[in-house]
Amino acid sequence: MSDALLSLTDVVKYFPVQTGHLRRSRDMVHAVDGVSFEVRRGETLGLVGETGCGKSTLARCISRLFELTSGQIIFDGRDISRLRPRQLRPLRREMQMIFQDPYGSLNPKRRVGSIIGDPFAIHGTASGAERKRRVQEAMELVGLNPEHYNRFPSEFSGGQRQRIGVARALALRPKLIICDEPVSALDVSIQAQIINLLSDLQDQLDLTYVFIAHDLSVVRHVSDRVALMYLGKVVEIAPAEELYQHPRHPYANALLSAVPIPDPIAAAKRERIVLVGDVPSPVHPPSGCNFHPRCPKAQDRCVVEEPSLLPRFDDDELHATACHFPVADGEDLSEARPAIGVEHRIVEPDTAGAPTGLGVSVAHGSPGSPESPEPVERRRS
Ligand SMILES: Nc1ncnc2c1ncn2[C@@H]1O[C@H](COP(=O)(O)OP(=O)(O)OP(=O)(O)O)[C@@H](O)[C@H]1O
Ligand code: SF4
Ligand SMILES: [Mg+2]
């Protein structure tokens with residue numbers, strides 16, 4: 001892909017697990033486990049996945065708030081993977097983060113003007129009246145009243161506080177903004193305002209975004225492309241509409257089957273794929289394809305061989321999926337049953353307390369609707 005602002009190759013971040021009396025352990029949390037992708041200038045890459053799959057850790061690796069365990073990150077033509085703290089300073093101007101919690105990320109004891117002015121102070125780019133002018137300009141840009149310069153964060157609503165976070169991130173006119181769930185903590189009515197603001201600013205200022213969310217429906221309308229993560233890895237990446245229309249990974253199909261659709265007739269016809277079991281521990285991720293214990297299509301090969309992230313069927317090169325047995329257009333996953341031994345599946349107790357080797361349950365219609373039968377299949381190998 002040409003004109004990449006950001007390029008990740010095999011980025012890995014493991015955290016040591018501290019257990020026992022001496023807080024020593026050889027175990028590692030595999031938070032990010034070999035992620036590669038590019039982000040083009042001016043585009044928005046949506047990064048989606050369940051809680052704990054490594055989205056924020058990856059964001060902090062990209063912005064080099066974390067050291068990488070291994071891998072390479074090229075930003076604007078420069079390898080930033082191993083830069084030391086002092087060498088990172090210029091990078092901080094060009095890459096900024098917006099965080100999920102507009103309450104927690106603003107110091108309640110400081111005035112808004114001084115919070116937004118921080119980047120100018122830290123980088124020594126403006127002081128005195130010039131700094132105030134530029135802060136007020138940033139406030140205006142994000143739809144805040146510049147006359148509220150001397151107010152405290154508590155005097156603003158949730159949406160306004162997130163605008164303060166956006167103004168702070170924009171102050172130095174960065175090239176890349178990593179938005180880590182910027183609307184998750186906001187009321188639905190306010191979410192759209194912030195998303196629209198980010199989108200307008202992107203056009204105005206030629207920004208590139210990595211936009212993190214755990215909800216596929218949030219990223220759909222803001223992203224040019226979407227990368228889906230599962231347990232530290234990207235399992236599918238594609239242009240947004242392509243992913244929604246032709247999801248190839250069984251996990252993508254399961255998530256999309258749960259996204260609400262406004263048309264009640266289409267919703268009633270749709271089969272919801274309910275994955276059984278929680279995401280496995282990232283300390284001991286499953287072998288082969290790490291989704292295999294929950295996958296309705298798992299076969300023996302999946303247990304031993306990790307699938308590469310590649311175009312499948314006749315998908316073009318922008319649509320890559322990490323799956324040995326991807327889902328074809330029109331394929332009904334409710335008919336799929338894992339063909340792996342019970343020891344490799346998520347095992348849950350049945351009502352009598354005996355274990356069953358259930359790989360996945362499939363419910364039809366919306367959950368809880370009168371038409372919804374109980375999960376239809378329980379199988380032993
Ligand atoms: N500083 C840390 N030390 C040890 N483990 C960590 C640390 N930060 C994150 N982890 C672990 O790494 C994994 C990925 O966490 P991360 O916060 O990146 O997930 P996430 O996808 O952002 O989740 P969420 O949607 O809940 O924000 C989790 O298992 C988490 O417990
Ligand atoms: S079919 Fe196999 S490779 Fe594909 S997601 Fe399922 S377990 Fe992984
Ligand atoms: Mg997170």
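The model is predicted: local features need pLDDT of at least 70, side-chain atom pairs count only at pLDDT 80 or more, and totals for chains, interfaces and linings use all residues. Residues are numbered from 1 along each chain as its sequence is written, while chains are lettered from A and ligands numbered from 1 in the order in which they are written.

Helices (H or I, at least four residues) and strands (E, at least two) are DSSP runs, numbered from the N terminus.

## Ligand 2

Ligand 2 also has 13 residues around it. The nearest are Cys 289, His 292, Cys 295, Cys 302 and Cys 323. The shell around ligand 2 divides into nine nonpolar, three polar and one charged.

## Four-stranded sheet

One open sheet has four strands, in the order β2-β1-β4-β5, with antiparallel pairing. β2 and β5 (78-79) stand at the edges with a single partner strand each, so one side of each is left without a neighbour in the sheet. Two strands pair if DSSP finds at least two bridges between them.

Strand β4 (residues 70-75) and β5 pair in the antiparallel sense over two bridges. Phe 75 stands opposite Arg 78 in β5.

## Eight-stranded sheet

Another open sheet has eight strands. Their order is β6-β7-β8-β3-β9-β10-β13-β12, and the pairing is mixed. At the edges stand β6 (95-98) and β12 (309-310), each with a single partner strand, so one side of each is left without a neighbour in the sheet.

Within this sheet, β10 (residues 233-239) and β13 (residues 320-322) pair in the antiparallel sense over two bridges. Glu 236 has Thr 321 of β13 as its bridge partner.

## Helix α5 against α6

Helix α5 (residues 158-170) packs on helix α6 (residues 188-205) at an angle of about 20°, with axes 10 Å apart. Axes are lines fitted to C-alpha atoms, for helices over the stretch in contact, and angles run from 0 to 180 degrees between N-to-C directions. That makes α5 roughly parallel to α6. Angles under 35 degrees count as roughly parallel, over 145 as roughly antiparallel, 65 to 115 as roughly perpendicular and the rest as oblique. The crossing is right-handed, meaning that the near helix is turned clockwise from the far one by less than a right angle.

From α5, Gly 158, Gly 159, Gln 162, Arg 163, Val 166 and Leu 170 meet Ile 190, Gln 193, Ile 194, Leu 197 and Leu 201 of α6. Contact requires C-beta atoms, placed from the backbone, within 7 Å. This contact has six nonpolar, four polar and one charged residues.

## Helix α3 against α5

Helix α3 (residues 112-123) and α5 pack at about 30°, with their axes 7 Å apart. The two are therefore roughly parallel to each other. α3 passes α5 in a right-handed crossing.

Val 112, Ile 115, Ile 116, Asp 118 and Pro 119 of α3 make the contact with Ile 164, Ala 167 and Arg 168 of α5. By class, the contact of α3 with α5 has six nonpolar, no polar and two charged residues.

Notes: A residue is near a molecule or strand if its C-beta atom, placed from the backbone, lies within 6 Å of it. Ala, Val, Leu, Ile, Met, Phe, Trp, Tyr, Cys and Pro count as nonpolar, Asp, Glu, Lys and Arg as charged, and the others, Gly among them, as polar. Two residues are in contact if their C-beta atoms, placed from the backbone, lie within 7 Å.
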